[in-house]
Amino acid sequence: MIAVVLCGGKSSRMGQDKGLISYGGSSWAHKLKLQLEKVGLQVYLSISQEQTSDYQRIFAPTCLIVDHASSQHINGPLRGMLSAHLRCPTHDILFVPCDMPLLAADTFQLWISHFQRLTHTPKVLVNQTPAHLQPLCGIYSAEALSRLWNGHQTKSLQNQSMHHIVSDVIKADCLEVMDMLLPQFKNFNHPEDLD
């Protein structure tokens, strides 16, 4: 298993690249990378081509996964997810969005433990808060990601909404987020969220 921090969004509501926003002296992407490394995972950052120079100033090029050329017709976070799969096609991948910088190592370990106990295939585990399904907070098996890539290739995956994918296409297992962990799932989308 590897981990991928999804940083490739346009951050239009925030007005700046969310992965590079400073948090306690380091960027959100770096903070999440450190937490994921605490559970023993090799960590990559998923970025768009336009972000490459900014991220290379901070991170080693070897840990960056730039959107794959063949993913240009894939929309939203699925582009970064499938680009990561094409880079590491035999690995299960723990995904986390860069705009949830409060997520911590213990929470990631909980996801891994639950994922390892799943018995059916393809294995996908996503988190569920009382307010929202969190399809970008979870673990996708290599088999599940391969099926999604094949669906894109054969044009059978027309609806690229992540909620549709985890609910209707690959039937993900949902992990109910415990009340004590809910603050970690705060999503920072707007400048006022930083106050």
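## Strands, loops and a pocket

Colleague: In which helix is H85 found?

Modeller: This is a predicted model, in which local features need pLDDT of at least 70 and side-chain atom pairs count only at pLDDT 80 or more, whereas totals for chains, interfaces and linings use all residues. Residues are numbered from 1 along each chain as its sequence is written, and side-chain values use heavy atoms, with hydrogens and water left out. Helices (H or I, at least four residues) and strands (E, at least two) are DSSP runs, numbered from the N terminus. The run of residues 77-87 that holds H85 is helix α3.

Colleague: Is H85 buried or exposed?

Modeller: Buried means under 20% relative accessible area, exposed over 50%, and partly exposed in between, with a 1.4 Å probe and protein chains only. H85 touches I93, A142, L145, S146 and W149, not counting residues up to four places away in sequence, where contact means heavy atoms within 4.5 Å. Because its relative accessibility is 5%, H85 counts as buried.

Colleague: What is the relative accessible area of I65?

Modeller: I65 is found in strand β5. Leaving aside its neighbours within four places in sequence, I65 is in contact with several residues, including V4, Y44, L45, I47 and S83. I65 is buried, and its relative accessible area is 1%.

Colleague: What is the order of the strands in the open sheet?

Modeller: Two strands pair if DSSP finds at least two bridges between them. The open sheet has 7 strands with mixed pairing, in the order β5-β4-β1-β6-β8-β7-β9.

Colleague: Which are the edge strands?

Modeller: The sheet runs in the order β5-β4-β1-β6-β8-β7-β9. Each edge strand pairs on one side only, and these are β5 (64-66) and β9.

Colleague: Which residue of β6 stands opposite V5?

Modeller: Strand β1 (residues 2-6) and strand β6 (residues 93-97) pair in the parallel sense over 5 bridges. Within β6, the residue opposite V5 is V96.

Colleague: Why is β6 described as largely enclosed by the rest of the structure?

Modeller: Both faces of β6 are covered. I93, F95 and P97 lie on one side, L94 and V96 on the other. β6 is largely enclosed because, of its 5 residues, the number buried is 5.

Colleague: Which residue of β8 is the bridge partner of F95?

Modeller: β6 and β8 pair in the antiparallel sense over 3 bridges. In β8, F95 has as its bridge partner G138.

Colleague: How many residues lie between β7 and β8 in their hairpin?

Modeller: Strand β8 (residues 133-140) runs antiparallel to β7, and 5 bridges join the two. V126 stands opposite G138 in β8. In the hairpin that β7 and β8 form, the number of residues between them is 4.

Colleague: Which residue of β9 stands opposite V126?

Modeller: All 5 of the 5 residues of strand β7 (residues 124-128) are buried, so β7 is largely enclosed by the rest of the structure. V124, V126 and Q128 point one way from β7, and L125 and N127 the other way. Strand β9 (residues 173-176) runs parallel to β7, joined by 4 bridges. In β9, the residue opposite V126 is C174.

Colleague: What is the omega of the peptide bond from T121 to P122?

Modeller: Most residues other than glycine have a negative phi, and most peptide bonds are trans. P122 lies in the loop between α4 (105-117) and β7. The bond from T121 to P122 is cis, with omega near -10 degrees.

Colleague: What is the phi of K155?

Modeller: K155 lies in the loop between α5 (142-153) and α6 (162-169). At 62% relative accessibility, K155 counts as exposed. Its phi is positive, although K155 is a residue other than glycine, and lies near 65 degrees.

Colleague: What is the phi of K171?

Modeller: K171 lies in the loop between α6 and β9. At 54% relative accessibility, K171 counts as exposed. K171 is not a glycine, yet its phi is positive, at about 50 degrees.

Colleague: What volume does the second largest pocket have?

Modeller: On a 1 Å grid over the protein atoms alone, a pocket is an open set of points where a 1.4 Å probe fits, with protein on both sides within 12 Å along at least five of seven lines, and lining residues have an atom within 4 Å of a point. The lining of the second largest pocket includes H73, H152 and K155. Grid points are joined across faces, edges and corners, and a volume is the space filled by probe spheres set on the points. For the second largest pocket, this volume is about 160 Å³.
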